[in-house]
Amino acid sequence: MKSCITISLVEEARGGPFVLWDGLEKSIALAGELGYDAVEIFAPGPEVIDVDALGKMLDGAHLKLAALGTGAGWVKHRLQLADPDPAKRQQAREFVRTIIDCAGQLSAAAIIGSMQGPSGHTDDSAEAYLREALEDGGSHAKQYGVPLIYEPLNRYETRQCCTVAGGVELLESLSTDNVRLLCDLFHMNIEESNIAEALLCGGKWVGHIHFVDSNRRPVGLGHMQYGPIIEALRKIDYQGYLCAEAFPYPDPHEAARQTMRAYQYWTATS
Ligand code: LER
Ligand code: MN
């Protein structure tokens, strides 16, 4: 399992659960210094990502790009993949495709989290629209040899899909085999009866982990029981990232250091 840390470039998301906020250059330098393997970037849109420049910056810090988030599509542009308005839905899918194109050029995946639609739309068509969007994004990502990553969220953020079992059912219903699940331990702590068992149920569909404590603070600062979680991830032979998506508590630097200490502790061979 590899280490990863989130960088937010989205001003509208201040106060959100992203660790580093100090611009790409400084954040990448810090992630590199602390020994992270990769970063996950939450960007306002594709227009702010200069793929070549980002690639060089990451190489210079010996980092990979793990993923690009699409959440700004919702937070900044109010685009949802399950919007009842076909034109808005189309715009939302287009936004996701352009993020997939940026990430794909750096062999990274795009993540669909809050763009799936928050709590508003509850009719059957919302799920059908989400399925169409996952088909579309999953097929689009294939040309880059990366999956599209789909994140079940807790009940206060979406009514689409809140559990790993629901996510597996959703992905198994698609005709594309190129979508994987993002299992965010914070959301799972709210929704799952047993986090380790949920990960075992996720099995081969688990494609990314948001590595965070029960209170959304960095790992080690809440009451999450990581022993069984790490054991479950080993059992399913998870080889992906444990990515710090947590509040920058007590501050971004210390949150980054705390997560790295916890990552090293939990992934030390036993
Ligand atoms: C939101 O709660 C979250 O977990 C993010 O990863 C989604 O964009
Ligand atoms: Mn998350």
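Let's start with strand β7. Four of its five residues are buried, so β7 is largely enclosed by the rest of the structure. Buried means under 20% relative accessible area, exposed means over 50%, and partly exposed is in between, with a 1.4 Å probe and protein chains only. Strands here are DSSP runs of E with at least two residues; helices are runs of H or I with at least four, and both are numbered from the N terminus.

A quick word on the ground rules. This is a predicted model: local features need pLDDT of at least 70, side-chain atom pairs count only at pLDDT 80 or more, and totals for chains, interfaces and linings use all residues. Residues are numbered from 1 along each chain as its sequence is written, chains are lettered from A and ligands numbered from 1 in the order in which they are written, and side-chain values use heavy atoms, with hydrogens and water left out.

Now, the neighbours of β7. Two strands pair if DSSP finds at least two bridges between them. β6 and β7 pair in the parallel sense, over four bridges. Look at L182: its bridge partner in β7 is H208. Next comes β8. Strand β7, residues 206-210, pairs with β8 over two bridges, again in the parallel sense. Here I209 has L242 of β8 as its bridge partner.

Stay with β8. Which strand do four bridges join to β8? That is β1, residues 2-8, and the two run parallel. K2 is bridged to Y241 in β8. What about the side chains? Y241 and C243 point one way from β8, L242 and A244 point the other way, and all are buried.

On to the metal. Which residues are the protein donors of the manganese ion, ligand 2? They are E151 (OE), D184 (OD), H210 (ND1) and E245 (OE), lying 2.1 to 2.3 Å from the ion. Donors are N, O and S atoms within 2.8 Å of the metal, or 3.2 Å for Na, K and Ca; water is not among the atoms, so sites may look incomplete. Along the chain, the spacing of the donors reads E-x32-D-x25-H-x34-E. Two of them link distant parts of the chain: D184 sits in strand β6, residues 179-184, while E245 sits in the loop between β8 and α10, 61 residues apart. D184 is buried, at 1% relative accessible area. E245 counts as buried too, at 6%.

The ideal angles for six octahedral donors are 90 or 180 degrees.

Next, salt bridges. How many does a search of the whole structure find? It finds 13. A salt bridge is a side-chain nitrogen of Lys or Arg within 4 Å of a carboxyl oxygen of Asp or Glu.

Take D136 and R97. Their side chains meet at 2.9 Å, N to O. D136 is in helix α5, residues 124-142, and R97 is in helix α4, residues 86-105, so this pair links parts of the chain 39 residues apart. D136 is partly exposed at 22%, whereas R97 is buried at 18%. E94 joins these two in a network of salt bridges.

R155 lies in the loop between β5 and α6, and E191 in helix α7, so the pair ties together parts 36 residues apart in sequence. R155 is partly exposed at 45%. E191 is buried at 15%.

E254 is partly exposed at 24%, and R257 is partly exposed at 35%.

Last stop, the surface. L221, F247 and Y249 form a nonpolar patch there, with about 230 Å² of accessible area together. Patch residues have over 30% relative accessible area and no salt bridge; like charges are joined within 9 Å, and nonpolar side chains (Val, Leu, Ile, Met, Phe, Trp, Tyr) within 5 Å. Y249 is found in the loop between β8 and α10. Its relative accessible area is 36%, so Y249 is partly exposed.

Definitions and conventions: Areas by Shrake-Rupley, 256 points an atom, 1.4 Å probe, with all protein chains shown as cover.
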